[in-house]
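Colleague: I would like to learn how to read the features of a model like this one. Can we take them one by one?

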Amino acid sequence: MKITRLSVFQVDLPLEDAYWLSGGRLKFEVLDATIVKIETDAGLTGWGEGTPWGHTYVPAHGPGIRAGIETMAPFILGLDPRKVLDVERAMDLALPGHLYAKSPIDMACWDIAGQAAGLPIADLMGGGSRTPRAIASSVGAKTVEETRAVIERYRQRGYIAHSVKIGGDVARDIARIRDVEDMRRDGEIVLYDVNRGWTRQQALRVMSATEDLNVMFEQPCETLDDIAAISGKHAAPVSVDESLVTLQDAARIARDGLAEVFGIKLNRVGGLTKAARMRDIALSHGIDMFVMATGGTVLADTEALHLAATIPDANCHAVWACQDMITIDIAGGRGPRNTDGHLHLPEEPGLGVHPDEDTLGDPVAVYT
Ligand code: MG
């Protein structure tokens with residue numbers, strides 16, 4: 001089987017509500033999605049998506065994906081998409097780094113490989129759990145009262161996992177954590193996501209002041225060096241997501257004990273092929289996981305769900321799905337959707353959901 005054609009689509013995904021991160025440092029209103037269609041001489045078609053969370057969140061942006069694909073396309077055409085390692089190596093040779101540009105191609109290849117094998121991607125990767133995965137809400141930086149209201153709204157839609165965005169103001173962060181813990185129900189999973197918003201002193205002050213609550217923080221500081229510097233000085237479990245980019249990052253975090261949880265972002269780390277290695281490092285070091293796309297449509301959510309399904313139930317805390325936050329649906333309601341706060345693994349071969357092509361407009365580039 002050979003890749004014969006690669007089509008690239010660009011779609012703007014407006015967020016239902018403007019979204020603030022990092023104590024109000026960063027505002028997001030529209031996501032720039034790149035949707036990739038790979039066709040083969042065997043008649044199978046695979047779809048991939050790369051949607052960074054804007055261009056100020058981490059070093060990734062929509063136009064960069066499309067430029068990267070333009071550079072990589074001549075190296076990918078003619079390859080067998082089922083041989084995902086061959087495709088991965090061709091991309092790494094054609095364009096070192098730029099992992100976020102590679103994930104949509106990797107995803108489309110897994111989609112085709114799954115269809116060719118007659119298996120959902122998770123099963124092709126070795127076996128997918130059918131236990132529904134809890135979707136973590138995303139509670140943007142707000143006051144104590146607004147935080148309560150947003151969590152209540154998510155609860156009414158069935159959510160039992162919440163990612164509460166904090167960071168920026170020590171006193172306000174402590175107040176919000178105490179208040180959320182006060183309203184936390186049995187069985188609810190709450191992660192306090194700082195999104196790099198604290199300096200080392202701010203991190204230690206909030207983490208010390210909330211030590212009695214035994215809560216978990218995500219990405220408390222900007223870099224792995226910062227997280228390493230404070231790691232012996234507080235008792236809280238830490239999740240790392242934005243600083244988890246390469247397999248070397250994963251190895252360092254695991255070996256040096258910098259975090260107890262990986263937040264694996266598929267687009268950030270370069271797709272399923274690379275993320276699966278991080279999963280194995282995590283599992284072999286007693287590290288649990290959250291899995292998410294970074295942003296995007298139901299396609300990206302579904303890719304994340306497949307990886308999450310390959311993690312033992314006890315080690316996968318939650319997934320994050322962006323589909324409830326955007327106002328456009330490119331797949332007409334198909335694919336895994338929020339069912340009482342959970343996503344169910346699709347049983348169709350491959351990814352299990354494809355877009356309606358007429359919602360995508362004309363491709364912005366076609367490579368043959
Ligand atoms: Mg995070």
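Colleague: Start with the largest cavity. How many residues line it, and which lie nearest its centre?

Modeller: This is a predicted model, so read every value as computed from it. A cavity is a space where a 1.4 Å probe fits but cannot get out. Here, 26 residues line the largest one. Nearest its centre lie Lys 165, Asp 193, Lys 265, Met 292 and Trp 320. Its volume is about 250 Å³.

Colleague: How many cavities does a search of the whole structure find?

Modeller: Four, counting those of 30 Å³ or more.

Colleague: Which strands supply the lining of the largest cavity?

Modeller: Six strands each supply at least two lining residues: β1, β4, β5 (161–165), β6, β10 (288–292) and β11 (316–320).

Colleague: Take β10. Are its residues buried or exposed?

Modeller: Buried means under 20% relative accessible area. Five of the five residues of β10 are buried, so the strand is largely enclosed by the rest of the structure. Check the side chains too. Asp 288, Phe 290 and Met 292 point one way, while Met 289 and Val 291 point the other way. Both sets are buried.

Colleague: And the neighbours of β10? In which sense do they run?

Modeller: Look at the bridges. Five of them join β9 (residues 261–265) to β10, and these two strands run parallel. β10 also pairs with β11 in the parallel sense, over four bridges. Lys 265 stands opposite Met 292, and the bridge partner of Met 292 in β11 is Trp 320. Lys 265, Met 292 and Trp 320 are among the residues nearest the centre of the largest cavity.

Colleague: Next, an open sheet. What is the order of its four strands?

Modeller: The order is β3-β2-β1-β13, with antiparallel pairing. The edge strands, β3 (45–50) and β13 (365–367), each pair on one side only. On average, neighbouring strands are turned by 25° against each other, direction ignored. Between β1 (residues 3–21) and β2 (residues 26–40) there are 14 bridges. In that pairing, Tyr 19 stands opposite Phe 28.

Colleague: Which helix packs on this sheet?

Modeller: Helix α1 (residues 62–76) does, and it touches β1, β2, β3 and β13. Its direction makes about 20° with that of β2.

Colleague: Last, the largest pocket. What is its volume, and which residues are closest to its centre?

Modeller: Unlike a cavity, a pocket is an open set of points. This one has a volume of about 320 Å³. Its lining has 16 residues, and Asp 17, Ser 138, Arg 153, Tyr 154 and Met 325 are the closest to the centre. β1, β4 (133–139) and α5 (144–156) each give two or more lining residues. The largest share, five residues, comes from β1.

Key: Residues are numbered from 1 along each chain as its sequence is written. This is a predicted model: local features need pLDDT of at least 70, side-chain atom pairs count only at pLDDT 80 or more; totals for chains, interfaces and linings use all residues. Side-chain values use heavy atoms; hydrogens and water are left out. Two strands pair if DSSP finds at least two bridges between them. Axes are lines fitted to C-alpha atoms, for helices over the stretch in contact, and angles run from 0 to 180 degrees between N-to-C directions. Contact means heavy atoms within 4.5 Å. On a 1 Å grid over the protein atoms alone, a cavity is a set of points where a 1.4 Å probe fits but cannot get out, and a pocket is an open set with protein on both sides within 12 Å along at least five of seven lines; lining residues have an atom within 4 Å of a point. Grid points are joined across faces, edges and corners, and a volume is the space filled by probe spheres set on the points. Buried means under 20% relative accessible area, exposed over 50%, partly exposed in between (1.4 Å probe, protein chains only).
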